[in-house]
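Welcome, and please open the model in your viewer. We will take it in steps, from the whole chain down to single residues.

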Amino acid sequence: MEYVLLIVIGMLSGVVGSLVGLGGGTIFVPVTILVGIDLGWIPHVTPQTVVGMSVIMMVFNGLSSTLFHMKAKTVDYRSGFIFFAGSVPGTILGAFFNKSLDLGSFNLYFGMLLIFLAALLLVKKYLKPINWFVNHGKEITFTDPQGETHVYGYPIWFAILLTFVIGLMSGLFGIGGGAMIVPAMLLLFLFPPHVAVGTSMLMVFLSALVNSGTHIYLGHVPWLYSLAVIPGAYIGGTLGSMLNKKMSSETLVVVLRVLLLLFGINSIIDGIWG
């Protein structure tokens, strides 16, 4: 039963994560904690092993999504590698911090992060793009398949600092970092939406490799459970990337922020009174 649940959760996380460039951990971690720990349907899981499964899932979710976006030519490789370089130290540091968290502390801090992400998704469309980062950084020009030219950019020092913080959150909570980097790419760096998602998934994939290596070293990866998650995540990542090209993700973003808000409130309640 628990293996079927993990396959389904992995596929759902892969679809949602790839569709809006989140990486899937933002869905996988709270759902698995709810199903596995709160309801007790997945035996022997802890916050650390849930994060371990999440980062393994994101390797395959990120790989399938990145390959799809590479074929669609919506990946900014230079930016992806810069963002990855900034996130690596934070990812490793966050994974070591994760080791010291008990269930109550994990739920409390993770719930606060989920509510912050839900609020960020809520206000994102009401915020005006900021031109300062493009004007004070290296400008990049991209022409989409429809022939429209986009200009975006960023100061490298700021991108590295930002992705270090995002990597820290990713290593600590196993959420991939896409939920934080995509809004920044859209609002601060003025990335075209499809390039933001494709580049985010490249960073998620590369960061997940480092993140998973660190959590494997720390003994946080339950391999039998992880093997159940992998096929669902890979298939879900491909489906989510296909949907990303064919439809607007606005409806899904609305559902996603409601889910993040509910999961966040539940996590905080568990952290304080659970």
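Before we select anything, one term: two residues are in contact when they have heavy atoms within 4.5 Å of each other. This is a predicted model, in which local features need pLDDT of at least 70 and side-chain atom pairs count only at pLDDT 80 or more, while totals for chains, interfaces and linings use all residues. Residues are numbered from 1 along each chain as its sequence is written, and side-chain values use heavy atoms, with hydrogens and water left out.

**The whole chain**

Start with a cartoon view of the protein chain. You will find eleven helices and two strands; these are DSSP runs (helices H or I, at least four residues; strands E, at least two), numbered from the N terminus. Followed from that end, the order is α-α-α-α-α-α-β-β-α-α-α-α-α. The C-alpha atoms fill a box of roughly 50 × 35 × 30 Å along the principal axes.

How does the radius of gyration of the protein chain agree with that of a compact globule? For 274 residues such a globule would have a value near 19 Å, and the chain has 17 Å, which agrees. The radius is taken over C-alpha atoms, and the globule rule is 2.2 Å times the number of residues to the power 0.38.

Now colour by burial. Of the 274 residues, 57% are buried (buried means under 20% relative accessible area, exposed over 50%, and partly exposed in between, with a 1.4 Å probe and protein chains only). Among contacts between residues at least 6 apart in sequence, 81% join residues at least 24 apart.

**Helix α1**

Select residues 2–20. This is helix α1, with 19 residues, and its first and last C-alpha atoms are 27 Å apart, close to the 27 Å expected at 1.5 Å a residue; the expected span is 1.5 Å times one less than the number of residues. Its buried residues include L5, L6, I9, S13 and V16.

Next, select residues 47–72. Helix α3 has 26 residues and reaches 36 Å from first C-alpha to last, close to the 38 Å expected. How many of the residues of α3 are buried? The count is 20 of 26, so the helix is mostly covered.

T49 counts as buried because its relative accessibility is 14%. Leaving aside neighbours within four places in sequence, T49 is in contact with H44, H220 and P222.

Move to H44, in the loop between α2 (25–38) and α3. Is H44 buried or exposed? With a relative accessible area of 77%, H44 is exposed. Its phi is near 65°, a positive value in a residue other than glycine.

Then go to K73, which follows α3 and lies in the loop between α3 and α4. K73 also has a positive phi, near 60°, and is a residue other than glycine. At 67% relative accessibility, K73 counts as exposed.

**F84 and its partners**

For the last stop, select F84 in helix α4 (residues 77–98). F84 counts as buried because its relative accessibility is 19%. Which residues is F84 in contact with, leaving aside its neighbours within four places in sequence? Show M203, L206, S207 and V210: these are its contacts. Finally, draw a distance from F84 to A208: they are 124 residues apart in sequence and 9.9 Å apart in space, C-alpha to C-alpha.
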